[in-house]
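These entries record what I looked up in the structure shown below.

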Amino acid sequence: MVTDAVLSLANFIDSQGVRSLKTSFADWKVALAMGAAAVAAIAMVAYAFFRPAEAPENLERKRRLQLNQIGRIAEGQVVELVEHPPEEPLAKRMFGPRARPVPDTRPRHLVSYSYAISGVTYHTAQDITGLEGQIRFERLVTGQPASIKYDPANPSDSIIVADDWSGLR
């Protein structure tokens with residue numbers, strides 16, 4: 001019955017001058033491949049909407065680890081140290097995970113620093129919250145010299161502190 005319906009649809013379209021549908025559904029292998037491709041496309045779209053988002057802290061930790069491995073060292077200086085109050089939790093994504101993360105009540109510590117590479121001066125900041133074990137806050141002052149690790153392929157991507165390295169002296 002399904003085959004008769006498909007053939008009658010193909011004959012209807014054929015009378016309008018389109019032959020590709022009739023020839024496509026005439027071979028069951030082509031129809032099966034088209035169905036499999038449609039299922040695969042729907043599965044990829046569903047995965048894109050429903051996959052769990054990676055925590056920003058994990059993304060930043062991976063960036064720091066990679067920069068610590070491949071980074072070159074440049075001389076720079078601390079511009080300022082800023083302490084921000086804890087951030088409000090972000091709103092849930094429409095198709096994101098349903099579990100609410102535990103709010104982080106720690107104040108955020110940002111170290112602003114500058115460095116020069118090939119005559120270009122970069123001014124950036126790094127959130128060092130959670131890396132307090134690497135830093136002595138009582139010795140951290142504005143204008144203090146520091147070593148900066150940067151990505152040679154993208155010099156604006158840099159760190160002043162990593163999980164197992166500190167450029168602060």
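**Entry 1: a pair across two strands.** I looked up Val82 and found that it stands opposite Leu110 in strand 2. I noted that strand 1 (residues 72-84) and strand 2 (residues 108-117) run antiparallel and are joined by 8 bridges. I took strands as DSSP runs of E with at least two residues and helices as runs of H or I with at least four residues, both numbered from the N terminus. Two strands pair if DSSP finds at least two bridges between them.

**Entry 2: basis of the model.** I recorded that this is a predicted model, in which local features need pLDDT of at least 70 and side-chain atom pairs count only at pLDDT 80 or more, while totals for chains, interfaces and linings use all residues. Residues are numbered from 1 along each chain as its sequence is written, and side-chain values use heavy atoms, with hydrogens and water left out.

Entry 3: I traced an open sheet of 5 strands in the order 3-2-1-4-5, with antiparallel pairing. Strand 3 (120-127) and strand 5 (154-159) are at the edges and have a single partner strand each, so one side of each lacks a neighbour in the sheet. From one strand to the next, the twist averages 45 degrees. Helix 4 (residues 56-70) packs on the sheet and touches strand 1, strand 3, strand 4 (145-151) and strand 5; its direction makes about 110 degrees with that of strand 5. For this I used contact as heavy atoms within 4.5 Å, and axes as lines fitted to C-alpha atoms, for helices over the stretch in contact, with angles from 0 to 180 degrees between N-to-C directions.

**Entry 4: the hairpin.** I found that strand 4 and strand 5 form a hairpin with 2 residues between them. The two run antiparallel, joined by 3 bridges. Asp151 has Asn154, in strand 5, as its bridge partner.

**Entry 5: Asn68.** I located Asn68 in helix 4. Is Asn68 buried or exposed? Asn68 counts as buried because its relative accessibility is 16%; buried means under 20% relative accessible area, exposed over 50%, and partly exposed in between (1.4 Å probe, protein chains only). Its side chain makes a polar contact with the side chain of Lys149 at 2.6 Å. A polar contact is a pair of N or O atoms within 3.5 Å; within protein, one must be able to donate a hydrogen and the other to accept it, and residues adjacent in sequence count only if both atoms are side-chain atoms.

**Entry 6: salt bridges.** I noted 5 salt bridges in the structure, each a side-chain nitrogen of Lys or Arg within 4 Å of a carboxyl oxygen of Asp or Glu. Glu60, Arg63 and Asp157 are linked in a network of them. In one of its links, the closest N and O atoms of Glu60 and Arg63 are 3.0 Å apart. Arg63 also meets Asp157, at 2.4 Å from N to O. Asp157 lies in strand 5 and Arg63 in helix 4, so this pair ties together parts 94 residues apart in sequence. I also recorded a salt bridge between Arg108 and Asp127, with closest N and O atoms 2.7 Å apart. Arg108 is in strand 2 and Asp127 in strand 3. Arg108 counts as buried at 16% relative accessibility, whereas Asp127 is partly exposed at 25%.
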